[in-house]
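Colleague: I am new to this one. Please show it to me, and then I will ask how you know what you say.

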Amino acid sequence: MKLTYLGHSAFLVEEGGFKAIIDPFISGNPLANVTPEDISGLTHIFITHGHGDHIGDGIELAKSNDALVISNAEISGYLSNKGIKTHAMHIGGRYKFDFGIVKLTPALHGSGISTEEGMIYGGNPCGFVIEVNNKKIYHAGDTGLTMDMKLLEAENIDVALVPIGGNFTMDIDDAVIATKFVNPKVAIPMHYDTFPVIKADPNEFKEKNKICETVILNIGKSHEF
Ligand code: NI
Ligand code: MN
């Protein structure tokens, strides 16, 4: 499996014929080094919650790639009204797709969708456990530290993607505890430095995380396992 960091919480996930993007915030990201037009061949798009820095370019990418969007029921409903193919799930639910298995995990956050007509209810925010060819990743979404993460230890996660930027999500110290709870083989920090309010040093997370290997991905770089 190849994980490519596109900045903020956006990752490309490639395994065989499966090519997905999670939380595709690209054109609005001041640190991004690709454009949505650079991204092709997507089969799936995962959206953790309704905030603009997570839905991001999801609508455009779903249309240009004819990709299936997997999200909670409320965001899926919002997107299917725009003519996008969606698969609605909800917190705690697991489903076997043709490419592998997806489970929605709880996230402690909000999920409102900003539109020109105002804020729309976006359901509960989530994270994803995604398993393809016996390789399993956990994308935590935007979340505070929660005891629920301890339950993910039983999932035997290979790679956990954890927010460290604070203010809207866990900071470094909380992300270290979260990583201890999840107990993955590898942790990759995300959701930092995009804006001044979430500035954080991923090397500090790496020093403090004693539970597993930390891989710090520069934007555009990949981790393969
Ligand atoms: Ni958010
Ligand atoms: Mn966010």
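Modeller: One term to begin with: donors are N, O and S atoms within 2.8 Å of the metal (3.2 Å for Na, K and Ca), and sites may look incomplete because water is not among the atoms. Along the chain, the donors of the nickel ion (ligand 1) follow the spacing H-x1-H-x57-H-x32-D. This is a predicted model, where local features need pLDDT of at least 70 and side-chain atom pairs count only at pLDDT 80 or more. Residues are numbered from 1 along each chain as its sequence is written.

Colleague: Which residues are the protein donors of the nickel ion (ligand 1)?

Modeller: His49 (NE2), His51 (ND1), His109 (NE2) and Asp142 (OD), lying 2.2 to 2.3 Å from the ion. Asp142 also coordinates the manganese ion (ligand 2), 3.2 Å from the nickel ion (ligand 1).

Colleague: What makes the arrangement around the nickel ion (ligand 1) irregular?

Modeller: Its four donor atoms subtend angles of 87 to 175°. Four donors count as tetrahedral if all angles lie between 85 and 135 degrees; four count as square planar and six as octahedral if opposite donors are over 155 degrees apart and all others between 65 and 115; anything else is irregular. So the arrangement is called irregular.

Colleague: Why does Asp142 count as buried?

Modeller: Buried means under 20% relative accessible area, exposed over 50%, partly exposed in between (1.4 Å probe, protein chains only). Asp142 has 2%, so Asp142 is buried. His51 has 25%, so His51 is partly exposed.

Colleague: How do you know whether Thr214 is buried or exposed?

Modeller: Its relative accessible area is 6%, so Thr214 is buried.

Methods:
Chains lettered and ligands numbered in written order. Heavy atoms only, no water.
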